[in-house]
Amino acid sequence: MVVSREMGASHENDSEAKFDALRRAFSAALLMGDEVAAEVAIRDALDANLTTAEIDTHIVVPALWLIGDLWERGEIGVADEHLATQISLRILALQREAQRTFRERPTHKVMLATPAGEAHDVALRMVANLLRGAGYEVVMLGADVPVHELAGFAERNRPDVICLSATMPGSSDSVLVAIHEIQQAWPSATYVIGGRDLTSRLRSRPGIDVCSGVAEAVEAVDAAVKRADLN
Ligand code: B12
């Protein structure tokens, strides 16, 4: 028992060391605007059999947060931040190519968007990747979508689950307005939502699951779909 606990701890240390090395390599590549080095870091992560959720959570997300902190402190410029974001978005595409898709849940459709005024959609793109990998049919509308468009699109396309994200102050109000409008047009959907402005203000309630990280998305959508299937 003692031995297996020690082995468990050393396995965790190994994983942490692996995440740490890859996170440093990826962050350095973003800071230098070196797309090739960024891709090498992510290919190393894929070769080390890290899952998409692990790569997002332990490598790409902290690197982007670091970029944001340096940008806020004026240590890097807007162009550096934009380049880091573009490289990260290309990395998500690379992950998507590398991903094997299991068609386990092909009959369920998930729609993703950020409401009008919210430009931050990297987290949702990660969620889209994870859901595709899990076999969901994914409809990614992207950022800054007017509320009436979201409602109309949902009514026409009938998603089972809708994922929304809110980063900027005030965006969670837009998310709540969007949910209200969509519910009028298409009442059958349930919601999985996240983003720093939401998690600081809202808690999960029936029909709306508030997640703090992209790695929670598949489980939350699975649970939402299961509840809907039972009804
Ligand atoms: C990239 C970036 C941009 C890009 C976005 C491009 C894009 N396609 O998304 C651009 C250049 C457009 C941008 C614009 C702006 N930005 Co900006 N941006 C960032 C940056 C550097 C990274 C954001 C990011 O992608 N993070 C990685 C993602 C994966 O993590 P995350 O969003 O934090 O999400 C986590 C959770 O919240 C959760 N999650 C989020 N959504 C969802 C959804 C679901 C369904 C689930 C399950 C989970 C989930 O999962 C993630 C963790 O696993 C951040 C820095 C930071 N600390 O985040 C600043 C940051 C968010 N931006 C900021 C600012 C101020 C702006 C601008 C106002 C700048 C300006 N003066 O123009 C504009 C506002 C635009 C707008 N109206 O929305 C501030 C926000 C401060 C605040 N809250 O008040 C930050 C924090 C930078 C800073 N430190 O000052 N930005």
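Which exposed residues does the face of α2 turned away from its buried side carry? I opened the predicted model with this in mind, and I found V36 and D47 on that face of α2.

**Entry on α2.** I looked up the extent of the helix and noted that α2 covers residues 35–47, 13 residues in total, with 18 Å from its first C-alpha to its last, close to the 18 Å expected at 1.5 Å a residue. I then listed its buried residues, which are A38, A41, I42 and A45. They lie on the same side of α2, because the arc they cover around the axis is only 90 degrees. As background I wrote down that residues three or four places apart point the same way, since an α-helix has 3.6 residues a turn.

Following α2 comes N49, for which I noted a positive phi near 65 degrees.

**Entry on α4 and α5.** I checked the axes of α4 (residues 78–98) and α5 (residues 122–133), which come within 10 Å and cross at roughly 5 degrees. Because angles under 35 degrees count as roughly parallel, α4 is roughly parallel to α5. On the α4 side the contact is made by T85, L89, L92, Q95 and R96, and on the α5 side by V122, R125, M126, N129 and R132.

**Entry on α5.** I recorded that 10 of the 12 residues of α5 are buried, so this helix is largely enclosed by the rest of the structure; among the buried ones are V122, M126, N129 and R132. Just after α5, I noted that G135 has a positive phi of about 100 degrees.

Definitions and conventions
Residues numbered from 1 in each chain as written. Predicted model: local features only at pLDDT ≥ 70, side-chain atom pairs only at ≥ 80, totals over all residues. Heavy atoms only, no water. Helix = DSSP H or I, 4+ residues; strand = E, 2+ residues; numbered from the N terminus. Expected span 1.5 Å × (residues − 1). Buried < 20%, exposed > 50% of the residue type's maximum accessible area, 1.4 Å probe, protein only. Arc of directions from axis to C-beta. Axes fitted to C-alpha atoms, helices over the stretch in contact; angles between N-to-C directions. Parallel < 35°, antiparallel > 145°, perpendicular 65-115°, else oblique. Contact = heavy atoms within 4.5 Å.
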